[in-house]
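Come along as I look things up one by one.

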Amino acid sequence: MIDWPLMASVGLVAARLLLSITFLVAAGGKLVHPVGGRQTLIDFGVPHLAAGLATALPLVELTIGSALIVGRFAWFGSVGALTLLLLFALAIGANLAVGRAPVCNCFGAIHSAPVGWSTLARNAVLSAAAGFVVWQGQADPGPDLIRWPVEQMTFGRAAFLSVVLGLALAGAQVALLVQILRQQGRILLRLDALDARSAGVNAALQQQGRVEGLPVGSPAPSFRLDGVNGESAALEDLLDGVKPVFLLFTDPGCGPCDALLPEVSRWQQEHSGDMTLALVSEGTAASNQAKMDEHRLRRVLLQQKREVAAAYQVRGTPAAIVIQPNGVIGSAIAMGADAINSLVAQTVSGALHRNSERAAPSAIFEPVKV
């Protein structure tokens, strides 16, 4: 015969443990990588609240995760968890309904990916667990998740548990080491392929006398431009000291540029944690606004008379160049869709890192008059 009260008690403890681990891990990931949290909130459509929410959200998650551990606070923690999860689901659903899939740094530095229906499904499972604790746990949510196991422990159980945990930890370390070695091997092979491809392209261009742009490692010319929506941004604003800046030069009247814009939108969403991609465009604000709305682009800056393109020695569109986090030129100019795709791959994979190591440790910006 099934002991339903016992099953409910076990379910409460399991639900609290699942929610507590989830919220504590999410809070830790966001605290380690706060920039990703701010960018996520901007992508989700609340740019004016991004700074405050990015600071408050991991603290709220940390409080909820901690409350779920302590028996007398567990029910209140479950109410907070359910409220937060429903707000997350509402924000995700609203974006998916209009065809947007911003990158969700739900676990900060630990994991980030574009939102989708699987994200909603995960939220539904966690919401169900929180709802179960809210429903069943108001009178008695169960024991403290830290004190109770200690109280139930005997010497024999403790010894057995120590052996089991030791073996599990050793197995996890071995599995993690194997995974790291495999991943490192794949990365090295990819970097070798990218370096070979880049070297081949550069050699061909040198033979044709077509290598253009500022020398790698030289200070990047500074600039300040107005955005399509009227905001102002300078190169120093784009540099955060961690990620490289990927400048893409485009024009609303350029056919190859138009063909590349869907990919640019995807790069801005999927690689926001690896680089800051900004478009430097020409033409009117209205013509650029149409492209920006159509492809859901961000950080579209307008130059007046190709002054920034001239400073970077960019002679056509589409073209791209990478600026390392320390403010120096990190790549040659990539002209055309194929070269730009290759430059994105190198930037995301870190293949350009050795250029930043050869660069000066601190760069003096060269201003561009606009």
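**Entry 1: a cut-off, then an arginine.** Before starting, I wrote down that buried means under 20% relative accessible area. I also noted that the model is a predicted one. I then looked up Arg 16, which sits in helix α1, residues 4-32. Is Arg 16 buried or exposed? Its relative accessibility is 0%, so Arg 16 counts as buried.

I wanted to know what surrounds this arginine. The side chain of Arg 16 comes to 2.9 Å from the backbone oxygen of Leu 68. Leaving out residues up to four places away in sequence, Arg 16 touches a list of residues that includes Leu 68, Ile 69, Val 70, Gly 71 and Ala 74. Also among them are Val 133, Pro 141, Gly 142, Pro 143, Asp 144 and Leu 145.

**Entry 2: the whole chain.** I stepped back for an overview. I found 13 helices and 11 strands in the chain. Of the 370 residues, 40% are buried. The chain exposes about 19700 Å², and carbon and sulfur atoms supply 65% of that area. I also checked contacts between residues at least 6 apart in sequence: 71% of them join residues at least 24 apart.

**Entry 3: the sheet.** Next I traced an open sheet of 7 strands, and I wrote its order as β5-β4-β8-β7-β6-β9-β10, with mixed pairing. Which strands are at the edges? They are β5 (232-234) and β10 (334-335), each pairing on one side only.

At the β5 end, I looked at its pairing with β4, residues 224-227. The two strands run antiparallel and are joined by 3 bridges.

**Entry 4: strand β7.** I stayed with β7 for a while, as I wanted to see how covered it is. In β7, 6 of its 6 residues are buried. Thr 276, Ala 278 and Val 280 point one way, while Leu 277, Leu 279 and Ser 281 point the other way. For its pairing with β6, I found 6 bridges, and the two strands run parallel. Across from Ala 278 in β7 stands Leu 247.

**Entry 5: helix α12.** I turned to α12, residues 337-349. How far does α12 reach from its first C-alpha to its last? The answer is 18 Å for 13 residues, close to the 18 Å expected at 1.5 Å a residue. The helix lies across β6, β9 (319-323) and β10, and it runs at about 20 degrees to β9.

I listed the buried residues of α12 as Ile 340, Ser 342, Leu 343, Val 344, Ala 345, Gln 346 and Thr 347. A reminder for reading that list: an α-helix has 3.6 residues a turn, so residues three or four places apart point the same way. Just after α12, Gly 350 takes a positive phi of about 85 degrees.

**Entry 6: Ala 309 and helix α11.** I then looked up Ala 309, which lies in α11, residues 307-311. Its relative accessibility is 1%, so Ala 309 counts as buried. Not counting residues up to four places away in sequence, Ala 309 touches Phe 249, Gln 303 and Val 314. I also checked Ala 309 against Val 280, which is 29 residues apart from it along the chain. Their C-alpha atoms are separated by 8.3 Å.

**Entry 7: the loops on either side of α11.** Arg 306 is in the loop between β8 (300-302) and α11. Its phi is near 60 degrees, a positive value in a residue other than glycine. With a relative accessible area of 29%, Arg 306 is partly exposed.

In the loop between α11 and β9 I found Gln 313. Gln 313 has a positive phi of about 60 degrees although it is not a glycine. It is partly exposed, with a relative accessible area of 30%.

Where does Pro 318 lie? Pro 318 is in the loop between α11 and β9. A cis peptide bond joins Thr 317 to Pro 318, with omega about -5 degrees.

Definitions and conventions:
Residues numbered from 1 in each chain as written. Predicted model: local features only at pLDDT ≥ 70, side-chain atom pairs only at ≥ 80, totals over all residues. Heavy atoms only, no water. Helix = DSSP H or I, 4+ residues; strand = E, 2+ residues; numbered from the N terminus. Buried < 20%, exposed > 50% of the residue type's maximum accessible area, 1.4 Å probe, protein only. Polar contact = N/O pair within 3.5 Å; in protein donor to acceptor, adjacent residues only side chain to side chain. Contact = heavy atoms within 4.5 Å. Expected span 1.5 Å × (residues − 1). Pairing = 2+ DSSP bridges. Axes fitted to C-alpha atoms, helices over the stretch in contact; angles between N-to-C directions. Areas by Shrake-Rupley, 256 points an atom, 1.4 Å probe, with all protein chains shown as cover.
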